[in-house]
Protein chains: 2
Amino acid sequence: MATHRFDPKFTDNVINAMGPKTSPRMRQLMTGLIKHVHDFARENELTVDEWMAGVKMLNWAGQMSDDKRNEGQLVCDVIGLESLVDEITFTLADEAKDAPTATAILGPFFRADTPWRENGEDIVKTKPGDGEMAYMHGQVVDFTSKKPLVGATVEVWQASTNGLYEQQDSEQEEFNLRGKFRTDEQGRYGFYCLRPTPYPVPDDGPAGKLLELMDRHPFRPAHIHIIATYSGYRPLTTQIFDRRDTYLDNDSVFAVKDSLVVDFVPRTGDPQAALELEYDVKLVANGSA
Amino acid sequence: MATHRFDPKFTDNVINAMGPKTSPRMRQLMTGLIKHVHDFARENELTVDEWMAGVKMLNWAGQMSDDKRNEGQLVCDVIGLESLVDEITFTLADEAKDAPTATAILGPFFRADTPWRENGEDIVKTKPGDGEMAYMHGQVVDFTSKKPLVGATVEVWQASTNGLYEQQDSEQEEFNLRGKFRTDEQGRYGFYCLRPTPYPVPDDGPAGKLLELMDRHPFRPAHIHIIATYSGYRPLTTQIFDRRDTYLDNDSVFAVKDSLVVDFVPRTGDPQAALELEYDVKLVANGSA
């Protein structure tokens, strides 16, 4: 029964317009989406001007997006949706006892065409003057047996100290601070990178406008993105966060989890880097419960 | 209290990130939007792939949109949101006793740069072979006093018989089937147009994809769009629907209201048109209750 003063049949009419060939999952999702969108509009007595402002923001997001930038995703990120969907995925996997390493959002700056690099390589192709060099390394192992996974893929990406990923910054060499590594015979990977630094998400589009309207800062705590994959295992998308960062408690995209916070430690005897981070990745075989 | 098994603080954290300078209305709308979007994701255990498919649809809508096409609006239309916002506006105005003529959605094909035309002019600049000509005319009056409003603006637009508005169809002269008229000394307007015909909304973008996924037809019942304005009066946006249309009960954008259904009648002695539609518009003065 309707608890509002608008046409009580309107929402059901829209939902019931779906035909018999709609898939069950699509019917479930569209029913939920239509109900929530309509309830939102009625509860707040949304005006034509407000709705139109929303349409303009969404169109603007699409117009800014291309193969190097995904503004629609960033708009979702600043209202916590990507992190929430990640939490849902992780919680369901955890209940099924298969979530060994906490996941985190992909973010809008992933590039599918990132090149392969050799273990031990330096991904800092354009070195910023204020960058601190670090050697990041670790092992990819099977979650249950702890056996090293040989030939697993570890893909990483990070922003430079000016807060920009290479595709946002014409001063950076293409694919700077990105790389795909294959684990060696001991399941090990390793590369030189920057100690990550906090940065604001891009604020020249609708996501930035939303943050401004919500009187929020755009900063993300310092982090490195990781995707690890191995044939026959569930792929893992995550981020690791530097414990010293001041934005750990108020990430603009709500992605921080305690188990993803790591410590960079001093490294001695290496002229290439004064810091070190050891980080092991545990993957779960498909079908294991 | 959370009734789900996910982080019970997550949604409040996102809402509470809003700073003190957020306007009260923005805080209300974003609080409602974040709650509904998060509830939608949790209730349906939205997956990363499903969320990403949604982001792609929204970006695609923006990429298709320009000054002649608004696909983000069309996506809202097929889930009933524009019609719902219109109903909310109309209901609130009606409760305030100032809604003499039912409103309807603007739709994505309005053009702000539509040219002025003379009363009695034919807006059918590119005549389709299967078009039926009609003379549409009427008076714009003050709702309360019934006094004619001299010099009021009546703007109209309609699709051709192939279902396309002029900006969608390179075969149609620019501004075909559109016009802005000023009422004469008796408050009268009049022009030749086509008897409107049903047509499908464009299905080459995300709105069409959504309709397909929901197993719905894309047709709108035959209609003519109208915007009427007069200085010191509330502007009116509406559509009128031809009673003979088979899609009156299942408009793909849910815009039909009984009071907007009109009858075309035979017209005699006019070589330019065999049909006629008389339609008066009642406007309400600003500030009248």
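1. Phe191(A) sits 57 residues from Ala134(A) along the chain, and their C-alpha atoms are 8.5 Å apart.

2. Basis. The model is predicted: local features need pLDDT of at least 70, side-chain atom pairs count only at pLDDT 80 or more, and totals for chains, interfaces and linings use all residues. Residues are numbered from 1 along each chain as its sequence is written, chains are lettered from A and ligands numbered from 1 in the order in which they are written, and side-chain values use heavy atoms, with hydrogens and water left out.

3. Setting of Ala134(A). This residue belongs to strand 1 (residues 133–142) of chain A. Strands (E, at least two residues) are DSSP runs, numbered from the N terminus. Ala134(A) counts as buried because its relative accessibility is 0%; buried means under 20% relative accessible area (1.4 Å probe, protein chains only).

4. Domains of chain A. Domain 1 covers 1–44 and domain 2 covers 76–283, with bounds from an automatic or database domain assignment. Their centres, taken over C-alpha atoms, are separated by 39 Å.

5. A sheet in chain B. Five strands form an open sheet with mixed pairing, in the order 3-2-7-8-9. Strand 3 (178–182) and strand 9 (261–262) are at the edges with a single partner strand each, so one side of each has no neighbour in the sheet. Two strands pair if DSSP finds at least two bridges between them.

6. Strand 2 (residues 153–157) and strand 7 (residues 223–229) of chain B are antiparallel, over five bridges. Trp157(B) has His225(B) in strand 7 as its bridge partner.

Notes:
Helices (H or I, at least four residues) and strands (E, at least two) are DSSP runs, numbered from the N terminus. Buried means under 20% relative accessible area, exposed over 50%, partly exposed in between (1.4 Å probe, protein chains only).
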